[in-house]
Amino acid sequence: MQEVTVSVLMKKMKLRNATPELDTDKTVLTHPEVNRPALQLAGFFDHFDHERVQTVGTVERAYVSTLSQERKMEVFDRLLSSKIPCLVYCRGMTPNEDVLTLAIHYDVPILVSDQPTSDFMAETIRWLKVQMAPCISIHGVLVDVFGEGVLIMGESGIGKSEAALELIKRGHRLVTDDVVEIRKVSDETLIGSSPNITKHFIELRGIGIIDVKTLYGVESVKETQSIDIVIKLEDWDKDKEYDRLGLEDQYTEFLGNQVVCHSIPIRPGRNLAIIAESAAVNHRQKKMGYNAAQELYNRVQANLNRGID
């Protein structure tokens, strides 16, 4: 999991710091959700998710304005002393000086967003879920092929990087070579990215390291990509039975998510780039409701039935 500090959140969400005296680099966010402390401002702190980013909108501001100064300071004192990571005022609103003084006392940054409260919460939750998602690193190459994320795996030296380079030359986009960081952002979606140190680089045995972005332009690379299918390259084994129809999909698992997987035997003369393109287009076609293998099976069955009749 990538460490997310309040400073990083401020930069991403374009927040202004109303308490510049506080060091926002020291506060680390540990939860991807955002909370509106409506009940807390009314004095109810049971089951309070104090580890979340707290946000104040128009409704909370309107309610606070009905409180006496003494009661208002009492609820804010309890809120800010609960060790919340930060308090965000939306729609450009700012707290009064008394609240700012309390925030500095309890070392809680007060931030200001110009966004509507719901929009700020939705975007922050989406971004934090990606940043804090469970993450693993695997050996492979991830390429965006016709909008489908194709993860190419196999033993070292089998030709993964060469296949990726050919795909790049054919107009597709590299996400990462050699090391793929996989994040589980939902029960259905895995996002792959590159470690910063190897971003945009490909290693070609006999040549060395090449910079794909420099050689082929910014249109040849991509920062992140969902992982839609896996292609496992393996040496050809004449004694092994390979799937020739594809009636039933095979799967591999990452972080508990199942991903369609194709095992591709390698032998001289096979164009891996064309195979990867075909696999990506066929996968998209299946998602749209058409299965070529099933269509062939139906035709064969129909012919057999006519022969019997």
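## Exercises: patch, helix and sheet

A nonpolar surface patch of about 260 Å² is made by Leu-296, Val-300 and Leu-304. Patch members have over 30% relative accessible area and no salt bridge, and nonpolar side chains are joined within 5 Å. A salt bridge is a Lys or Arg side-chain nitrogen within 4 Å of an Asp or Glu carboxyl oxygen. Areas are Shrake-Rupley values with a 1.4 Å probe.

This is a predicted model: local features need pLDDT of at least 70, and side-chain atom pairs count only at pLDDT 80 or more, while totals for chains, interfaces and linings use all residues. Residues are numbered from 1 along each chain, and side-chain values use heavy atoms, without hydrogens and water.

**Exercise 1.** Find how many residues of helix H7 are buried.

- H7 spans residues 160-169.
- Its buried residues are Lys-160, Ser-161, Ala-163, Ala-164, Leu-165, Leu-167 and Ile-168.
- That is seven of ten, so H7 is mostly covered.

**Exercise 2.** Identify the edge strands of the five-strand sheet.

- The open, mixed sheet has the order E2-E7-E6-E5-E4. Strands pair if DSSP finds at least two bridges between them.
- E2 (16-17) and E4 (34-35) each have a single partner strand, so they stand at the edges.
- E2 pairs with E7 (residues 110-112) in the antiparallel sense over two bridges.

Definitions and conventions
Patch = residues over 30% accessible without salt bridge, like charges linked within 9 Å, V, L, I, M, F, W, Y side chains within 5 Å. Buried < 20%, exposed > 50% of the residue type's maximum accessible area, 1.4 Å probe, protein only. Helix = DSSP H or I, 4+ residues; strand = E, 2+ residues; numbered from the N terminus.
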